[in-house]
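Here is a friendly walk through one protein model, written for someone who likes to keep the structure open while reading. Have a look at it first, and then follow along below.

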Amino acid sequence: MIKIASFAAAAALLATSAQAQIAISAANIDTPTGATRFERDVRKAARNLCANARGVQVVTCKQAIRDEALEQLPATQRLAYAQAREARNVEYAANRANEG
């Protein structure tokens, strides 16, 4: 447990000490398309900011970036994002059901 916490702390420090700032689009985050765009931007930022991490630190660093991006959203946008993700999942499930 302590080692995992140490890895998490190291990855978080790695992520927050990075000099680059990457724009993450939160425009239309209340729509499935906007939520997808936000996720894509967060993944891109995580890849760039965690490029020097190795092993387990990669996963932990990327999660820290995602967590930070979500924490920076105002509460209303976090809620809108969650609702848009749910709508996207429901839409996906409905499309899959119609294909069969």
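## An aromatic pair

Tyrosine 81 counts as buried, with a relative accessibility of 5%. Its chain is shown here as a predicted model, so please read every value below as computed from that prediction.

Which residue does tyrosine 81 pair with? Its partner is phenylalanine 38, and the two rings sit edge-to-face, 5.2 Å centre to centre with 65° between the planes. By the rule used here, the count of aromatic pairs comes to one. Phenylalanine 38 belongs to helix α2 and tyrosine 81 to helix α4 (residues 75-99), so this pair ties together parts that are 43 residues apart in sequence. Phenylalanine 38 is buried too, because its relative accessible area is 4%.

## The overall fold

Stepping back, the protein chain has four helices and zero strands, and its pattern along the sequence reads α-α-α-α. Of the 100 residues in the chain, 23% are buried. The accessible surface comes to about 6900 Å², and carbon and sulfur atoms account for 56% of that.

The mean pLDDT of the protein chain is 75, and 72% of the residues reach 70 or more. Residues 1-10 have a pLDDT below 50, and beyond near neighbours in sequence this stretch has four contacts in the model. Where pLDDT is low, the predicted coordinates should not be read in detail.

## Salt bridges

Side chains of opposite charge can pair when their charged atoms come close. How many salt bridges does the structure hold? There are two salt bridges. In one of them, the side chains of glutamate 39 and arginine 85 meet at 3.2 Å, N to O. Glutamate 39 lies in helix α2 and arginine 85 in helix α4, so this pair ties together parts that are 46 residues apart in sequence. Glutamate 39 counts as buried because its relative accessibility is 14%, whereas arginine 85 is partly exposed, with a relative accessible area of 28%.

Another salt bridge joins the side chains of aspartate 41 and arginine 40, at 3.4 Å, N to O. Is aspartate 41 buried or exposed? Aspartate 41 is buried, because its relative accessibility of 12% falls under the 20% cut-off. Arginine 40 counts as partly exposed, at 46% relative accessibility. Aspartate 41 sits in helix α2 (residues 32-49) and, leaving aside residues up to four places away in sequence, touches Ala23, Ile24 and Ser25.

## The disulfide

The count of disulfides comes to one. It is formed by cysteine 50 and cysteine 61, whose sulfur atoms are 2.0 Å apart. With -85° about the S-S bond, this link is left-handed. Cysteine 50 lies in the loop between α2 and α3 (56-72) and cysteine 61 in helix α3, so the pair ties together parts that are 11 residues apart in sequence.

Conventions: Residues numbered from 1 in each chain as written. Predicted model: local features only at pLDDT ≥ 70, side-chain atom pairs only at ≥ 80, totals over all residues. Heavy atoms only, no water. pLDDT = per-residue confidence, 0-100. Contact = heavy atoms within 4.5 Å. Helix = DSSP H or I, 4+ residues; strand = E, 2+ residues; numbered from the N terminus. Buried < 20%, exposed > 50% of the residue type's maximum accessible area, 1.4 Å probe, protein only. Disulfide = S-S within 2.5 Å. Phe/Tyr/Trp six-rings, centres within 6.5 Å; stacked < 30°, edge-to-face > 60°. Areas by Shrake-Rupley, 256 points an atom, 1.4 Å probe, with all protein chains shown as cover. Salt bridge = Lys/Arg side-chain N within 4 Å of Asp/Glu carboxyl O.
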